Amino acid sequence: MTDDQMKIHLLIDNERYPLIIKREEEQLYRDAAKQIDYKLNKYRNKFPNFNTEKYWVMTALELAFENMSMKDRNDTTPYLEKLKQLEQDIDECIGKRVSKRLVNER
């Protein structure tokens with residue numbers, strides 16, 4: 001274990017999980033464990049006749065769905081393409097102004 005790492009124990013679904021993580025990620029791991037517990041309990045309340053495996057599958061599916069939908073929202077490719085186009089337009093405009101000024105100075 002390095003200086004920027006630490007060992008923590010997360011309690012998820014009444015089971016203790018030891019992890020070695022980066023110090024700056026501790027709160028994210030703790031929040032993630034809380035989120036898993038929250039979703040497991042939500043499905044336990046909503047579907048009391050399911051078995052434990054189904055609760056975990058439903059929780060995993062919901063978290064995977066959230067992850068996938070966040071990736072779509074964070075796709076910056078269209079913005080980067082638009083920025084490149086704007087940069088080209090600006091360069092073209094500046095080039096025309098420089099050319100016009102050079103012609104007028106002669």
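**Contacts, core and charges**

Visitor: Which residues does Leu10 touch, not counting residues up to four places away in sequence?
Guide: Leu10 touches Glu15, Arg16, Tyr17, Leu19, Tyr29, Arg30 and Ala33, with residues up to four places away in sequence left out. Keep in mind that this is a predicted model.

Visitor: Okay. Which residues make up the largest nonpolar core?
Guide: The largest nonpolar core has 10 residues. Among them are Met6, Ile8, Leu10 and Ile12. Ile21, Ala33, Ile36 and Leu40 belong to this core too. Tyr43 and Tyr55 complete the list.

Visitor: Which elements each supply at least two residues of this core?
Guide: Strand E1, residues 5–12, does, and so does H1.

Visitor: New topic. How many salt bridges does the structure hold?
Guide: Five. One of the salt bridges joins Lys39 and Glu62.

Visitor: How far apart are the closest N and O atoms of Lys39 and Glu62?
Guide: They are 2.8 Å apart. Lys39 lies in helix H1 (residues 26–46) and Glu62 in helix H2 (residues 52–73), so this pair ties together parts that are 23 residues apart in sequence.

Visitor: Why would such side chains pair at all?
Guide: Side chains of opposite charge can pair when their charged atoms come close.

Visitor: Is Lys39 buried or exposed?
Guide: Lys39 counts as buried, at 5% relative accessibility. Glu62 is buried as well, with a relative accessible area of 15%. The cut-off for buried is under 20%.

Visitor: What about Lys39 and Glu66?
Guide: Their side chains meet in a salt bridge, at 2.9 Å from N to O. This pair links distant parts of the chain, with Lys39 in helix H1 and Glu66 in helix H2, 27 residues apart. Glu66 is partly exposed, with a relative accessible area of 27%.

Visitor: And where does Lys42 come in?
Guide: The side chain of Lys42 meets that of Glu62 in a salt bridge, 2.9 Å from N to O. Lys42 lies in helix H1 and Glu62 in helix H2, so they tie together parts that are 20 residues apart in sequence. Lys42 counts as partly exposed, at 28% relative accessibility.

Visitor: Which residues are linked in a network of salt bridges?
Guide: Lys39, Lys42, Glu62 and Glu66.

Technical notes:
Residues are numbered from 1 along each chain as its sequence is written. This is a predicted model: local features need pLDDT of at least 70, side-chain atom pairs count only at pLDDT 80 or more; totals for chains, interfaces and linings use all residues. Side-chain values use heavy atoms; hydrogens and water are left out. A salt bridge is a side-chain nitrogen of Lys or Arg within 4 Å of a carboxyl oxygen of Asp or Glu. Helices (H or I, at least four residues) and strands (E, at least two) are DSSP runs, numbered from the N terminus. Buried means under 20% relative accessible area, exposed over 50%, partly exposed in between (1.4 Å probe, protein chains only). A nonpolar core is a set of buried Ala, Val, Leu, Ile, Met, Phe, Trp, Tyr and Cys residues joined through side-chain atoms within 4.5 Å. Contact means heavy atoms within 4.5 Å.
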